[in-house]
Amino acid sequence: MAFNAVKDKYRSKVGEVVLGATKEQGGTRDYTITIGGEAALPFLHFEGEIPNRPVVAMEIWDVAPTDWNDCFKPFYADVWNDPVAWAKKCVDEYGAELIVLHLKGADPDVKDATPEECAKVVKDVLAAVGCPLVVTGCGKPEKDNLVLPLVAEAAAGENLLLGVAEQENYKSLTAACMVHKHNIIAQSPIDINICKQLNILITEMNLPANRIVIDPTIAALGYGVEYGYSIMERARNGALQGDTMLGMPMIGNVGYEVWRTKEANASSDDFPGWGEQENRGILWEATTAMALLQAGMNVVVMRHPKASNLIKQNIEELMVKTSFDE
Amino acid sequence: MDKISVRFLPDNLIANVEHGTSLLLAAASVGLELKSNCGGDGTCGRCLVKVQEGRPNVKSEGSISLKAKQSGLVLACQAAAVENLVVDIPQESRLDEHQVLLEEKDILVEKDDFLAAGYSLNPLCRKIKLTLSEPSLTENISDFSRLQSAIRNEIDCHDVRIGLSMLKGLAEVLRTGDWRVTVTVAQLNGCAEIINVESGHTDKPAYGLAVDIGTTTVAAYLLDLESGVTLCQKGTYNKQSTYGDDVITRMIHASVPKGLRELHTAIILTINQLIVELLSQSDISSDDIHLAMVAGNTTMTHLFLELTPRYIRLEPYIPLASFVPLVKAEELGLKINPAAQVACFPSVASYVGGDIVSGALITNMAKREEITLLIDIGTNGEMVLGNEDWLISVSCSAGPAFEGGGITFGMRAMKGAIEHVSIDPETFEVEVTTIGNVKATGICGSGLIDCLAKFHRAGIIDRAGKLQADINTSRMRQGDDGWEFVLVWSDEADSADIVVTENDIKNLMRAKGAVYAGIRSMLKAVQLEEEMIDKVLIAGGFGNYINIRDAVAIGLFPDLPPEKYTFIGNSSVKGARLALLSQEAYSEAQELGKKITYLELSNGNDFMDEFVSALFLPHTDMSLFPSLAANND
């Protein structure tokens, strides 16, 4: 007897967000990336169309990340004092299709870079690479509210993804995204309600839902990845059942979360039983990303080129329809 | 050590207190009540007094405003009397007794309550005229047995009891009246207690006292138990307020040495004062009151009986007793007939008390097919949902925000409280209406609900309750605790500028979120949808003034048609009254105490989830408020 897969029917699908703008669209990108749009739970091709692949974004900083593990040095030490060179290396050597530029230097406790300096870094990176760009502030609201509007203005037309907006601080970034036509990252603290509330607040300022990307806040494997997983699962189920205020694609800072865990960083000398440190870290990052992709993450922000490659391969494999999906 | 005398002005009352007593307690000892939300912790900054003569020992400045400090005021709770003092109490610091709003207007509907609840007059206590057969050498049973058997012929109860003091006088009473006597018998819990025996036949009826002990206010009715008529009613503040505004602070106070005693004494004093007022309006004496029925939340019932509420506060939240025994008035110090019996409504759980059982009784929800939701918003939000087949209750810690607690200019619903607000969305100009149409001194619950609704409509706050600092009006300004919105400028108010701060809004959002989340949790537990609720009854003094449309607009109450809502006022005291007048109602109350299922919200994550989704205007899930979505279009 032939096997008939039980199929769930969904009322709706995840919204699509386009990142970047080509010359014709008023920007300078070589290509754009569309995320979201899935009409089924992750990779269940037989239940609904998954039109867009999840994307691996590579994370770069505007200042040298002195606290990163030594294992990153062989890859980035030659470029991490220069964000332009760093971005180029990610694209040219490591095949990055999307770059996340974290303006860490704007932090008053780091370099206290001025909004103008930050805007210049963004422009320089845009000039150097052709991929769409995500730009995130230093995380201190007072400073970010000065920096990000200027970045938005300087990069008008490029259709950036700018972050982050939080429930306590979303207005100035939302306004900047409206005026200069960018997308926004709406970040909520592993809370489905606040996630939705923030999306409502942003759309009530008239930024359309298809310009919002959810950052549900995730954690690394062993540090509560399952909390993020279940929030994302709820968001996805909500989206497929027609809740448009949960229907945005999602982004997660996998590299940041993983590379602050003990398991990724502890030396092999201290924990001989844990295996070689760098490989362990790479696998930790890749495993975390893999789990989150299964929960419906659309953009995984990663650090280690080898972990990124593993995940790209994993995505390729998951995006192939099987006989089962026919 | 010698007592210290503190003379309070302008009342010119002198308190003689122990060395080191705080001025707050000294004032309380002579019946002067000051505003004291924090219960003497020095954190609410409201019990301001001016010392005219002598110097108190000021423990700490506490939370006192710079302006008050500069004008020489101190916090009464932080100032200890160490020498003779003369202290002036400014009007703003007083809890004004005469401003308690009672629902006098409601009194006329009592007969309907009665019929609506389907009970007939069959009071718990009544007077029986008896003519006993004279004893003789052949018919020689004792006086008491003689009385007992005569009573047994009149009432359906075998177990007839008498107290020792009553028994001592019995022989003479019987003989003085030539074996004709009038006995007052209270029949409760399957046993008839002789409260009084009078010589001869009198026509005076038995009287009863129905009391609702609220955390904030206490209400009492004086009833003629024979006709069922309410002779008069009175309300006042619970004197326990001196020891804190909410049940938690009171419970904490109950665990300090002498604290339980103080709280017990305070509530007895409060009730005795009400009794004096009630009696002054009628021609009966305190001895004529033979039965008292008390309904209060679990903690209040404990404190009334001087039972420790300590374990109610601590996980797993266990009350000492849900069903409490009958006690004699003299044991409690209640100034009614010393032999009078005092009965308390049973509690369901630590935070669902006799007041709720009383409310469920008067609404008759346990006898109807339709599904009723009873919401009692006091210091806690307590709710019962159900019908004749099932009843479920929850208590959610809404906090005292709707009673004015934790709100910068919050106050109870009394004269001068802003109860209605309207705001021009273009100019942000505000118009307010106060209770008694006097200059505003603060904002009460209904005004606060109005504020949330109108602030959101005018764009002063966003859906998350955040003040929008960028709106163009001088009313939006940076205060001591961040942004604040000036509701009433000081020149139009009876105080400083009346403001609503970001923190106030947070507290209100939490309070409304907790109530709504409690309703959702109950519905979820019984797998019902909101629209299946046939009737919503709003109880509590605060409930008299809420605007339903605003309350729905902020997501406090479910989005149901307004005709499903009814305000029932103080259902607790009405239930107590009903139980006094009907044996059946009293038994039903005992049954309800056992029948209502308690849903503990702190168990599991569902409530938290519901709560966070309710921290939004009106709610994260807008589909729960379809009428609002329709209005927006």
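Student: At about what angle to E11(B) does helix H5 of chain B run?
Tutor: This is a predicted model, in which local features need pLDDT of at least 70, side-chain atom pairs count only at pLDDT 80 or more, and totals for chains, interfaces and linings use all residues. Residues are numbered from 1 along each chain as its sequence is written, and chains are lettered from A and ligands numbered from 1 in the order in which they are written. Helices (H or I, at least four residues) and strands (E, at least two) are DSSP runs, numbered from the N terminus; angles run from 0 to 180 degrees between N-to-C directions of lines fitted to C-alpha atoms, for helices over the stretch in contact. Helix H5, residues 164-176 of chain B, lies across E9, E10 and E11 of chain B, and its angle to E11(B) is about 50 degrees.

Student: In what order do the 4 strands of the open sheet in chain B lie?
Tutor: Two strands pair if DSSP finds at least two bridges between them. The pairing here is mixed, and strands E8 (125-131) and E9 (160-162) of chain B are the edges, each pairing on one side only. The order is E8-E10-E11-E9.

Student: Which residue of E11(B) is the bridge partner of Val160(B)?
Tutor: E9(B) and strand E11 (residues 191-199) of chain B run parallel and are joined by 3 bridges. The partner of Val160(B) is Ala192(B).

Student: How many residues of chain B are in contact with chain A?
Tutor: Contact requires C-beta atoms, placed from the backbone, to lie within 7 Å. On the side of chain A there are 9 residues, and on that of chain B there are 7.

Methods
Two residues are in contact if their C-beta atoms, placed from the backbone, lie within 7 Å.
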